[in-house]
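Please have the sequence and the 3D view open while reading.

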Amino acid sequence: MLPFVGTALGSACVFFVRGNLHWKVERAFTGFAAGVMVAASVWSLLIPAMEQSGHLDKFSFLPAVVGFWIGVLFLLFLDHIIPHIHRESNQSEGPDSSLSRTAKLVLAVTLHNIPEGMAVGVVYAGLLSPDSLQGCGGITGAAALALSLGIAIQNFPEGAIISLPLRAEGVSGRNAFLYGVLSGIVEPVGGYMTILAVSYVIPFLPYFLSFAAGAMLYVVVEELIPEMSQGKHSNIGTIMFAVGFSLMMALDVALG
């Protein structure tokens, strides 16, 4: 539920903030989120995937590479079906397109949230595996919690990305908040469904972990990095990227 709570809290900004978030705040959140997601992809997903493939010896990287590319290509495919956030937020719409733009914004962030919910569910599914319970699976409860918290922080600006522009377009505050909340509901649902399928997921866990990593890194490169780097003073996003990356790395290693 933590990632979903992050989205809901971001959506609640519509009740306290007039207009959009200040560009410095938004850029700082975006850079921080990108750093968190990159570190989580490496320490909470890719490294455990390779550790769980240790029986392949020098080819232990193979499941991680295969799953990673499947995740990237899957998001690339979805990106061609439903436009992503920065494309929709930067495009001008005609006067009669508010409903379609509302739908596109919600769909874009919902698409964005699918691999994140899967990532959390896969990590907790791995935590339930016998190897992980014996401390041999490369996944710890602290690492799973750190990933959940990291994605929750990343989801805060996503909720605001939906609710604040919709409120500015004349949508009521309650409905704008509701749209933002609905975009995040796929995360606990996807995570819980993955955990329910744990007996089927575990044999292919390295592929699922690296799939989630590939999907998350695609989101970082396609969405977050362009947003944190555009315009002047892009160093704000870069510095916050470093802060998010180092914090997530420290939490994952120290608490793990």
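Is the crossing of α1 and α7 left-handed or right-handed? The crossing of these two helices, α1 and α7, is right-handed. The model is a predicted one.

## Helix α1 against helix α7

Helix α1 covers residues 2-11, and its axis lies 6 Å from that of α7, at an angle of about 25 degrees. Angles under 35 degrees count as roughly parallel, so α1 is roughly parallel to α7.

On the α1 side, the contact is made by Leu2, Pro3, Gly6, Thr7, Leu9, Gly10 and Ser11. On the α7 side, the residues include Leu145, Ser148, Leu149, Ile151 and Ala152. Sorted by class, the contact of α1 with α7 has nine nonpolar residues, eight polar and no charged.

## Helix α2 against helix α7

Helix α2 spans residues 23-51 and helix α7 spans residues 141-168. Their axes come within 9 Å and cross at roughly 150 degrees. Angles over 145 degrees count as roughly antiparallel, and α2 and α7 are therefore roughly antiparallel to each other. The crossing of α2 and α7 is left-handed.

Among the α2 residues that meet α7 are Glu26, Phe29, Phe32, Ala33 and Val36. Their partners in α7 include Ala143, Leu147, Gly150, Ile151 and Phe156. By class, 14 residues of the contact of α2 with α7 are nonpolar, three are polar and one is charged.

## Residues listed in both contacts

Ile151 of α7 is listed in the contact with α1 and also in the contact with α2.

Note on methods:
Residues are numbered from 1 along each chain as its sequence is written. This is a predicted model: local features need pLDDT of at least 70, side-chain atom pairs count only at pLDDT 80 or more; totals for chains, interfaces and linings use all residues. Side-chain values use heavy atoms; hydrogens and water are left out. Axes are lines fitted to C-alpha atoms, for helices over the stretch in contact, and angles run from 0 to 180 degrees between N-to-C directions. Helices (H or I, at least four residues) and strands (E, at least two) are DSSP runs, numbered from the N terminus. Angles under 35 degrees count as roughly parallel, over 145 as roughly antiparallel, 65 to 115 as roughly perpendicular and the rest as oblique. A crossing is left-handed if the near helix is turned anticlockwise from the far one by less than a right angle, and right-handed if clockwise. Contact means heavy atoms within 4.5 Å. Ala, Val, Leu, Ile, Met, Phe, Trp, Tyr, Cys and Pro count as nonpolar, Asp, Glu, Lys and Arg as charged, and the others, Gly among them, as polar.
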